[in-house]
Amino acid sequence: DKAAGLTQKLLDVSRKGTSSRECVDLHAIIHAAKAQLERNLDGRIRVHVQLDATQFSLFGDPTQLQSVIVNLGLNARDAMPNGGELRISTADVDIAADDVRRTSFVMSPGPHVELVVRDTGIGMTPAVAQRVFEPYFTTKAMGSGSGLGLAAVYSAIVDHRGAIEFDTEAGVGTSFRVWLPVDPQATGRGGPSSHTLTRASGRILLVDDEELVRNVAARMLRSLGYEVVMAEDGVRALEVYQAERERIDLVILDMLMPRLDGRQ
């Protein structure tokens with residue numbers, strides 16, 4: 001999981017990762033990010049959410065957007081080793097054409113939602129603030145951080161044609177401000193896309209030498225409506241298949257197994 005997470009951050013920073021764009025509810029994403037953060041925050045850090053934006057439907061990648069909020073929250077956590085307050089808020093903002101011309105970000109004038117993530121932490125020195133979005137730059141001890149969290153945030157915001165700025169004061173705290181364009185095609189307040197799983201039928205032979213993998217995969221398949229029969233290696237799989245081949249609709253097998261592997 002850690003390797004996959006690091007790889008995704010590298011792809012996000014280089015903007016070569018795959019992204020899924022859809023109409024998303026930013027407030028729902030914030031609530032999901034808050035729940036994720038609360039599992040990783042010191043109990044002395046209090047989280048406050050104030051969602052005042054009335055237009056919060058965006059066209060974007062929900063995973064990337066949630067990662068933006070989580071990364072900003074984790075950055076705030078690291079700035080409050082003795083506890084404090086983490087505030088996440090939204091508001092409606094109209095970006096004027098003059099504002100677009102003045103910014104270095106690629107933006108379009110019009111309605112935007114402003115996302116603010118504020119902490120009461122130790123703040124940043126001017127030297128650190130100059131490099132905060134730089135890939136691989138970190139103030140953490142060796143082995144404690146990749147320096148990709150805020151770089152990934154910056155790349156994601158740019159990828160969504162938004163903008164990000166921050167204010168910081170040593171001993172007082174830091175505020176990150178993000179502006180994201182409202183989805184012009186959205187009707188009403190929008191919301192996360194819903195995916196309905198179709199109930200399936202059929203008998204599957206599941207072959208894997210790891211018991212944990214077999215059991216978890218079998219539970220997932222059964223939850224979809226399939227009947228599952230299991231085998232722990234290739235030899236046992238052949239025995240089961242020869243006995244029940246007329247009733248088996250599909251075989252899912254591991255390629256690396258003792259005695260007889262998947263390819264054999």
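Modeller: Let us start with Leu253, which counts as partly exposed at 40% relative accessibility; buried means under 20% relative accessible area, exposed over 50%, and partly exposed in between, with a 1.4 Å probe and protein chains only. Before we go on, please keep in mind that this is a predicted model, in which local features need pLDDT of at least 70 and side-chain atom pairs count only at pLDDT 80 or more, while totals for chains, interfaces and linings use all residues. Residues are numbered from 1 along each chain as its sequence is written, and side-chain values use heavy atoms, with hydrogens and water left out.

Colleague: In which strand is Leu253 found, and which residues make the nonpolar surface patch with it?

Modeller: Strands (E, at least two residues) and helices (H or I, at least four) are DSSP runs numbered from the N terminus, and Leu253 is found in strand β10. A patch is made of residues with over 30% relative accessible area and no salt bridge, like charges being joined within 9 Å and nonpolar side chains (Val, Leu, Ile, Met, Phe, Trp, Tyr) within 5 Å; accessible areas come from the Shrake-Rupley method with a 1.4 Å probe, and for residues only the protein chains shown count as cover. Here Val251, Leu253, Met255 and Leu256 make a nonpolar surface patch of about 360 Å².

Colleague: How should I read the sheet, and in what order do its three strands lie?

Modeller: Two strands pair if DSSP finds at least two bridges between them. In this case the order is β9-β8-β10, an open sheet with parallel pairing, and β9 and β10 are the edge strands, each pairing on one side only. Neighbouring strands of this sheet are turned by 20 degrees against each other on average, direction ignored; axes are lines fitted to C-alpha atoms, for helices over the stretch in contact, and angles run from 0 to 180 degrees between N-to-C directions. Strand β8 (residues 203–207) is joined to β9 by five bridges, and Val207 has Ala231 as its bridge partner in β9.

Colleague: Which strands does helix α7 touch as it packs on the sheet?

Modeller: Contact means heavy atoms within 4.5 Å, and helix α7 (residues 211–223) touches β8, β9 and β10, its direction making about 165 degrees with that of β9. Helix α8 also packs on the sheet and touches β8, β9 and β10, with a direction at about 160 degrees to that of β8.

Colleague: How many salt bridges does the structure hold, and what does Glu227 form a salt bridge with?

Modeller: A salt bridge is a side-chain nitrogen of Lys or Arg within 4 Å of a carboxyl oxygen of Asp or Glu, and the structure holds 16 salt bridges. Glu227 forms one with Arg247, their closest N and O atoms being 3.7 Å apart. This pair links distant parts of the chain, with Glu227 in strand β9 (residues 227–231) and Arg247 in the loop between α8 (234–244) and β10 (250–253), 20 residues apart. Glu227 is partly exposed at 38% relative accessibility, and Arg247 is partly exposed at 47%. Salt bridges that share partners join Arg203, Glu227, Glu244 and Arg247 into one network.

Colleague: Is Thr90 buried or exposed?

Modeller: Thr90, found in strand β4 (residues 84–95), counts as buried at 2% relative accessibility. Leaving aside neighbours within four places in sequence, Thr90 is in contact with residues including His27, Gln50, Val113 and Leu115.
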